[in-house]
Amino acid sequence: VKLRHEEMVSCLAFSPDGRTLVSGGTDTNLKLWDVRGCQAGDPRRELYRQPSSVTALAFMSEGRRLVTAHANRTLRVLDVATVRLTATLRGPEAAVTLVRPDPRGRLLMAASQDRFMRIFDLEAQAPPLSLGPFRKPLTAACFFEDGRHLAAVGLENIVQIWDLESRDVVASL
């Protein structure tokens, strides 16, 4: 049994409780590692083949859900306990490069190589809010604690703070 990925590992994410490390790669494999087992010399893991290269990962809902982003422009929401698919999100027109959940676990920001940022409301299941295009692809983003504001930065090195209700930039840093 091969423990390592067969190709490049493109993303990692720790579960909020620190017990599980998830790795995703260009080999389309998603591996869930038992951190305590690995530290004890028993690298236990579960392997799940995905539909295309895994490009970004994020835990949501206090670790109950895992979002995987893919080169084929989709996002998949998995129930962590069962590793079953609960939702497939579409909208990006290029490979997804960044995903960030809001603190409440309701909203999910996804950025892709198409230079847009999309905000998915996982409860409403409505079409995503699209913001952009940006001059260059986004490299980092984070939600404010209130879940209504988001800071994002791209390769042009300007941090923009967005008010998601008004869909406007309220500050550029």
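**Strand 14 and its neighbours**

Biologist: How do you know that strand 14 and strand 15 pair?

Modeller: This is a predicted model, in which local features need pLDDT of at least 70, side-chain atom pairs count only at pLDDT 80 or more, and totals for chains, interfaces and linings use all residues. Residues are numbered from 1 along each chain as its sequence is written, and side-chain values use heavy atoms, with hydrogens and water left out. Strands are DSSP runs of E with at least two residues, numbered from the N terminus, and two of them pair if DSSP finds at least two bridges between them. Strand 14 (residues 149–154) and strand 15 (residues 160–163) have four bridges in the antiparallel sense, so by the definition they pair. Leu 150 stands opposite Trp 162 there.

Biologist: What makes strand 14 mostly covered?

Modeller: Buried means under 20% relative accessible area, exposed over 50%, and partly exposed in between (1.4 Å probe, protein chains only). Six of the six residues of strand 14 are buried; His 149, Ala 151 and Val 153 point one way, and Leu 150, Ala 152 and Gly 154 the other way.

Biologist: Why is the aromatic pair of Phe 134 and Trp 162 called edge-to-face?

Modeller: Rings of Phe, Tyr and Trp (its six-membered ring) pair if their centres lie within 6.5 Å, and planes under 30 degrees apart count as stacked, over 60 as edge-to-face and the rest as tilted. The count comes to one aromatic pair. Phe 134 and Trp 162 are 6.0 Å apart centre to centre with 75° between the planes, so the pair is edge-to-face. Phe 134 lies in the loop between strand 12 (129–131) and strand 13 and Trp 162 in strand 15, so the pair ties together parts that are 28 residues apart in sequence.
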